[in-house]
Every structure is written in structure tokens, then in C-alpha cells.
Amino acid sequence: RALHERVAAEPVEPPANPEEDDFRKSLFNIAVGQFFADESIAPRTKEVFRRTAIEGESPEAVAKAFMMERHAVDQIKSRCVLKLRTIVEALEKADD
């Protein structure tokens, strides 16, 4: 399942601070936008990440579509998540 579908299906308690929750969502959306706009990241890398992490396509199917090994798909996804975390951290520091 796609990331947004998995999140929507999970029961969630109301956030303690709705403004903070909105801020975190906005920060994440900005980070994703910056990630996909980053020209130093190969288009193939972005597509593998989009299909596995955002759309929820199986790593096996993505590996087959790109004629690569499953572990390569996992590595790409892992590196992309790390890159997103780095972007979020930079945005948080810029907000301070």
C-alpha cells in the first residue's frame, strides 16, 4: 500500500498540539518537494523512491521494472530516506 494509505489506515490519537502537527506535515511536504527538485539526485533514484516509499509498490516489482536487484532498490530507498531526514533537519534549524 502507498505511504499515505498506510498512515490513513492507522488509528491515531489527536495530536497534543495540532499546530505542531501541521508544522511537521508542512515541513515534510517542503522536504519532499526539495528532494524531488534536487538535480543532483538521479531521476531513476527519485522514481525508485517514489514508487516504493510514496506509492507503496513492492520493491520486487520496482526492481523488475528497472532491471535491478531487489537489494539495490532497498539501498536506494534507504539513502533517499536519509536524504529526506537531512533536509528536514536543515529546515528545522533554519526555522530556529
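Modeller: Buried means a relative accessible area under 20%, exposed means over 50%, and partly exposed lies in between (1.4 Å probe, protein chains only). This is a predicted model, in which local features need pLDDT of at least 70 and side-chain atom pairs count only at pLDDT 80 or more, while totals for chains, interfaces and linings use all residues. Residues are numbered from 1 along each chain as its sequence is written, and side-chain values use heavy atoms, with hydrogens and water left out.

Colleague: How many residues does α3 have, and what distance does it reach from its first C-alpha to its last?

Modeller: The expected span of a helix is 1.5 Å times one less than its number of residues. With 12 residues, α3 reaches 15 Å between its first and last C-alpha, close to the expected 16 Å. Helix α5 (residues 70-95) has 26 residues and reaches 38 Å, close to the 38 Å expected.

Colleague: Which residues of α3 are buried?

Modeller: An α-helix has 3.6 residues a turn, so residues three or four places apart point the same way. In α3 the buried residues are Lys46, Val48, Phe49, Arg51, Thr52 and Ala53. In α5, Ala72, Val73, Ile76, Cys80, Leu84, Ile87, Val88 and Leu91 are buried, and their cover includes α2 (18-37), α3 and α4 (59-65).

Colleague: At what angle do the axes of α3 and α5 cross?

Modeller: Two packed helices are described by the angle between their axes and the distance between the axes. The axes of α3 and α5 come within 9 Å and cross at roughly 90°. The two helices are therefore roughly perpendicular to each other, a label for angles of 65 to 115 degrees.

Colleague: Which residues of α3 meet α5?

Modeller: Contact means heavy atoms within 4.5 Å. From α3, the residues Thr45, Val48, Phe49, Thr52 and Ala53 meet Val73, Ile76, Lys77, Cys80, Val81 and Leu84 of α5. By class, this contact has 8 nonpolar, 2 polar and 1 charged residues.

Colleague: Is Phe49 buried or exposed?

Modeller: Phe49, in helix α3, counts as buried because its relative accessible area is 4%. Apart from neighbours within four places in sequence, Phe49 is in contact with Phe35, Phe36, Ile54, Lys77, Cys80, Val81 and Leu84. Phe49 and Asp74 are 25 residues apart in sequence, and 9.2 Å separates their C-alpha atoms in space. Across the protein chain, 56% of the contacts between residues at least 6 apart in sequence join residues at least 24 apart.

Colleague: Which residue other than glycine has a positive phi?

Modeller: Met67 has a phi near 50°, a positive value in a residue other than glycine. Met67 lies in the loop between α4 and α5, and Met67 counts as exposed because its relative accessibility is 77%.

Conventions: Helix = DSSP H or I, 4+ residues; strand = E, 2+ residues; numbered from the N terminus. Axes fitted to C-alpha atoms, helices over the stretch in contact; angles between N-to-C directions. Parallel < 35°, antiparallel > 145°, perpendicular 65-115°, else oblique. Nonpolar A, V, L, I, M, F, W, Y, C, P; charged D, E, K, R; others polar.
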